[in-house]
Amino acid sequence: MNENLIPKNNDMRIEITTRCNYSCIICPRKELTRRIETMSLNLFKYLFDKIQEGTGQFDTLTFPGMGEPLLDKSLCEKIKYAKSKKNNLSVLILTNGSLLDYNKFKELENIAVSSIRVSLYGNDPHTYSRIHGTNNKFAFGRVRDNLLEICRKKKFTKILLTFNVVDGINDGILNEWIKFWENKVDLIEVWCPHNWVNAKDYRRVQKHMLKSCGRPFRGPLQVQVDGTVNMCCFDYDGKLTIGDLKRQTLKEIFKSPYYKKILKCHRKGNYKGSGLICEKCDQRNLRKDDVAVYNSKFDVEERVKMISTTYKKL
């Protein structure tokens with residue numbers, strides 16, 4: 001097949017669940033209308049195989065999405081299957097860390113998970129509970145202690161921490177958070193929350209916008225929990241769903257009229273009358289000075305131009 005049909009990226013992202021045990025204030029879960037479910041192991045195998053049949057360009061598998069991946073009891077089996085089918089596959093997990101004790105980490109490290117990115121938005125029980133939406137007063141201490149134990153004992157799986165700054169809640173403890181974690185984990189990143197297109201209002205949508213965020217041309221493959229393919233990771237509710245991998249090939253999906261419509265708008269930078277949620281999305285803001293706050297490894301201005309998991313240029 002003509003692989004140029006598929007956006008040039010090496011990352012396939014598969015959302016294995018929309019279930020979550022937290023209710024973070026920066027997350028649009030309350031607006032989610034997609035079904036709350038977990039992808040079966042059989043469906044995962046089918047979708048993974050179908051992707052491999054369609055193209056060989058993906059060498060990274062990321063588990064992101066609107067749910068908590070560690071709630072999926074078949075997560076390790078899914079990883080083992082993927083690695084058995086694809087040589088040198090890099091596996092990345094995005095998690096809130098609430099279920100990541102050392103035993104679970106060791107299980108993941110033993111099957112060669114490359115990195116685990118933990119969202120940790122507080123540095124004390126009060127701010128942690130407010131941001132992450134949990135009433136468990138012991139949650140912060142447990143997550144912190146588990147991460148410290150993991151960092152002391154881990155061998156090669158990287159631990160990455162992200163912090164989202166919410167004014168009036170956790171902005172006052174940012175410096176102490178950075179100081180505490182910077183030399184303990186492999187990477188820390190501090191961001192300003194984004195809008196999830198139209199679900200939140202953290203960033204001002206600017207008057208001067210980029211023609212495109214770049215995702216339709218160079219973004220990762222986004223497979224949702226039901227096997228449908230979405231154009232954008234910020235489209236939490238599937239408004240930019242371009243096909244269904246359960247019944248279509250990748251070639252068919254990336255030749256679909258809807259995908260072509262998205263491409264046309266992003267090439268021209270004209271969204272008027274299109275009905276696309278891209279029209280007023282903060283990801284097209286021309287100025288990016290309100291996106292990244294701090295990074296322990298990368299230049300902040302360069303970091304915002306990279307894919308969030310593979311650090312390749314977007």
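How much space lies in the largest cavity? About 110 Å³ of space lies there, in a model that is predicted.

## The enclosed cavity

The structure holds 1 cavity of 30 Å³ or more. A total of 13 residues line the largest cavity, and those closest to its centre are C213, C232, L240, H266 and C278. Sorted by class, the lining of this cavity consists of 9 nonpolar residues together with 2 polar and 2 charged ones.

## The second largest pocket

By class, the lining of the second largest pocket is made up of 6 nonpolar, 6 polar and 4 charged residues.

The largest share, 3 residues, comes from β3.

## Salt bridges

Side chains of opposite charge can pair when their charged atoms come close. In this model the count comes to 16 salt bridges, of which a few are described here. One of them joins the side chains of D11 and R13, with 3.1 Å from N to O, and both D11 and R13 are buried. Another brings together R287 and D289, whose side chains meet at 2.3 Å, N to O; R287 counts as partly exposed, at 44% relative accessibility. Salt bridges also link R117, E189 and R303 in a network.

A further salt bridge is formed by D186 and K154, whose closest N and O atoms are 2.9 Å apart. Because D186 lies in the loop between α6 (174-181) and β6 (187-191), while K154 lies in the loop between α5 (139-153) and β5, this pair ties together parts that are 32 residues apart in sequence. The two partners fall into separate accessibility classes: D186 has 24% relative accessibility and counts as partly exposed, whereas K154, with a relative accessible area of 19%, is buried. The cut-off explains how these values are sorted, because buried means under 20% relative accessible area.

N285 is found in the loop between α9 (257-268) and β10 (292-295), and its relative accessible area of 1% makes N285 a buried residue. The side chain of N285 reaches the backbone nitrogen of Q206 at 3.0 Å. When residues up to four places away in sequence are not counted, N285 touches R204, V205, Q206, H208, M209 and L210.

A112 is another loop residue, placed between α3 (102-110) and β4, and A112 is partly exposed, with a relative accessible area of 31%. Once neighbours within four places in sequence are left aside, A112 is in contact with K83 and F156. As for its position relative to V293, A112 is 181 residues away in sequence, and the C-alpha atoms of A112 and V293 are 31 Å apart in space.

## Positive phi angles in a loop

Most residues other than glycine have a negative phi. Which value does W196 have, although it is not a glycine? The phi of W196 is positive, at about 50 degrees. W196 has its place in the loop between β6 and α7 (215-218), where W196 is buried with a relative accessible area of 16%.

V197 is also found in the loop between β6 and α7. The phi of V197 is positive as well, at about 70 degrees, although V197 is not a glycine. At 8% relative accessibility, V197 counts as buried.

Terms used. Residues are numbered from 1 along each chain as its sequence is written. This is a predicted model: local features need pLDDT of at least 70, side-chain atom pairs count only at pLDDT 80 or more; totals for chains, interfaces and linings use all residues. Side-chain values use heavy atoms; hydrogens and water are left out. Helices (H or I, at least four residues) and strands (E, at least two) are DSSP runs, numbered from the N terminus. Ala, Val, Leu, Ile, Met, Phe, Trp, Tyr, Cys and Pro count as nonpolar, Asp, Glu, Lys and Arg as charged, and the others, Gly among them, as polar. A salt bridge is a side-chain nitrogen of Lys or Arg within 4 Å of a carboxyl oxygen of Asp or Glu. Buried means under 20% relative accessible area, exposed over 50%, partly exposed in between (1.4 Å probe, protein chains only). A polar contact is a pair of N or O atoms within 3.5 Å; within protein, one must be able to donate a hydrogen and the other to accept it, and residues adjacent in sequence count only if both atoms are side-chain atoms. Contact means heavy atoms within 4.5 Å. On a 1 Å grid over the protein atoms alone, a cavity is a set of points where a 1.4 Å probe fits but cannot get out, and a pocket is an open set with protein on both sides within 12 Å along at least five of seven lines; lining residues have an atom within 4 Å of a point. Grid points are joined across faces, edges and corners, and a volume is the space filled by probe spheres set on the points.
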